[in-house]
Amino acid sequence: MENYSVVILILAIMIGLSAVANKIRLPYPILLITAGIAVGFIPTMPVIELNPEIIFLIFLPPLLYDAAFNMPANEFRTHFNTITSLAIGLVFITTLGIAVIAYYTIPGMTWPLAFVLGAILSATDAVAAIGITKGLGLSHKTTTILEGESLVNDASALVAYRFAVAAVTGTAFVFWQASLQFAILLAGGFAVGFVIGKLLSFILARIHGNVMVTISFMLLMPFVAYRIAEELHVSGVIAVVVLGLSISRFSKKIFPDSLKDQSKTIWDVIIFLLNGLIFILIGLQYPYVLKHIDQSQVLPYLGYAFLITIVALVLRMARVFLQKVNLQRAFLSSKHRRRHKMTRDTLLDYPTSVIISWSGMRGIVSLAIAIGLPEKLENGAPFPLRNEIIFISVAVVLFTLIGQGLTLPLIVKMMSKYKRQNKLS
């Protein structure tokens, strides 16, 4: 009953603060995270431990499905090259970059542990990207790239994480095996999502006259797709994303407007509640992990986290602007333009590149992966620097969400002004 009361309290705080955030023009995730930190420091507040399995099974499928369902399919295809370069290439570059910094700055950090930390913090978060950027008036191109990247990059980060943890436990890393496993995870996830999408389309085509049953099926299937994919040891993330994209295309052809409106209303409420809970839970974790760190080491570890945040941001900016240059070169080459069916809309301009670079927040997935670190190695020894890695991960998540989240509206405003001035000149 105590936990039940805490959940009700958190929901009440979340709903109230979301209304306040709209009034004071502050991104509601920032307000909710801050409230979560404050609530976590209340002495009589029960400790709320974040269960990684709950995050991956309860929160992730509906949030990913909703984002994929609302993704414009044509724009996703148009920007597929940019999305994959960020969701796959940048994830592994960031893993390496953070690992190098961690190894040479954090005392006691070995290469395998450094790669574990790098993998945890390598991917941006779909929930954070959507929650922070919502209402900022971003272009469809920017929103599609950010959401598309965040939908796909979790699979890349999880593969990097699994191999890094295996290296800590003494398993040798073999590049071709890692590459093959990554390909199998993606292809298997795609296959599961595709098959379940076809099955759901077949069912919905015959029952869409029954509104409640139709919506219930659509609510259930993301969890089914994710669970089946994970049981088959392939990517549940990719399975849910593919399912969302396929059902979105199907629904536009067959669903009446009344069904679309009812479905959207129900999904909006669910996503609002899940998003709010996630951001408060992120804030609640900081006081909890703070208790497991030597108090004399808090400031140094916050310093390491800040340094890692800067490195991740610089690497992201470098990769985004390199992609901008590569797209321009390919577009100017008529051979490449015809082969890849490139249009001017495929290109990235300067303001879009800056906004995409600044929008790479970490979030609940990084937090869940960190807290899910095994407590012991296979030989029974404690997992080295486990509390320190979790603390740094939480700190980086907070730095990116609060720091970049608070300044993002200003960046968007500056880039909009830059665009207007360039048009006039």
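Student: Which residues form one aromatic cluster in this model?

Tutor: The model is predicted, so treat every value as computed from it. The cluster is made of Tyr103, Tyr104, Trp111 and Phe115.

Student: How many aromatic pairs does the count come to?

Tutor: The count is 15 aromatic pairs.

Student: How is a pair of aromatic rings described?

Tutor: Two values do it: the distance of the centres and the angle of the planes. Take Phe41 and Tyr286. Their ring centres are 6.5 Å apart and their planes stand at 70°, so this pair is edge-to-face. The cut-off for that label is over 60 degrees.

Student: Where in the chain do Phe41 and Tyr286 lie?

Tutor: In distant parts, 245 residues apart. Phe41 is in the loop between helix H2 (28–40) and helix H3 (52–69). Tyr286 belongs to helix H12 (residues 257–290).

Student: Are Phe41 and Tyr286 buried or partly exposed?

Tutor: Read the relative accessibility. Buried means under 20%, and exposed means over 50%. Phe41 has 45%, so Phe41 is partly exposed. Tyr286 has 14%, so Tyr286 is buried.

Student: What sits over the ring of Phe202?

Tutor: The charged end of Arg206, 3.8 Å from the ring centre.

Student: Now helices. How do I read the crossing of H13 and H15?

Tutor: Start with axis distance and angle. Helix H13 (residues 298–332) and helix H15 (residues 350–358) have axes that come within 9 Å, crossing at roughly 150°. Angles over 145 degrees count as roughly antiparallel, so H13 is roughly antiparallel to H15. Then take the handedness: H13 passes H15 in a right-handed crossing.

Student: Which residues of H13 and H15 meet?

Tutor: H13 brings Leu313, Arg316, Met317, Val320, Phe321 and Lys324. On the H15 side are Tyr350, Ser353, Val354, Ile356, Ser357 and Trp358.

Student: At what angle do H8 and H15 pack?

Tutor: At about 35°, with the axes of H15 and helix H8 (residues 140–168) 10 Å apart. The H8 and H15 crossing is right-handed. Lys141, Thr142, Ile145 and Leu146 of H8 meet Thr352, Ile355 and Ile356 of H15.

Student: Which residues is Gln328 in contact with, leaving aside its neighbours within four places in sequence?

Tutor: Leu347 and Leu348. Gln328 lies in helix H13. Along the chain, Gln328 and Leu347 are 19 residues apart, yet their C-alpha atoms are separated by 6.4 Å. With 31% relative accessibility, Gln328 counts as partly exposed.

Technical notes
Residues are numbered from 1 along each chain as its sequence is written. This is a predicted model: local features need pLDDT of at least 70, side-chain atom pairs count only at pLDDT 80 or more; totals for chains, interfaces and linings use all residues. Side-chain values use heavy atoms; hydrogens and water are left out. Rings of Phe, Tyr and Trp (its six-membered ring) pair if their centres lie within 6.5 Å; planes under 30 degrees apart count as stacked, over 60 as edge-to-face and the rest as tilted. Helices (H or I, at least four residues) and strands (E, at least two) are DSSP runs, numbered from the N terminus. Buried means under 20% relative accessible area, exposed over 50%, partly exposed in between (1.4 Å probe, protein chains only). A charge sits over a ring if NZ of Lys or CZ of Arg is within 6 Å of the ring centre and within 35 degrees of the ring normal. Axes are lines fitted to C-alpha atoms, for helices over the stretch in contact, and angles run from 0 to 180 degrees between N-to-C directions. Angles under 35 degrees count as roughly parallel, over 145 as roughly antiparallel, 65 to 115 as roughly perpendicular and the rest as oblique. A crossing is left-handed if the near helix is turned anticlockwise from the far one by less than a right angle, and right-handed if clockwise. Contact means heavy atoms within 4.5 Å.
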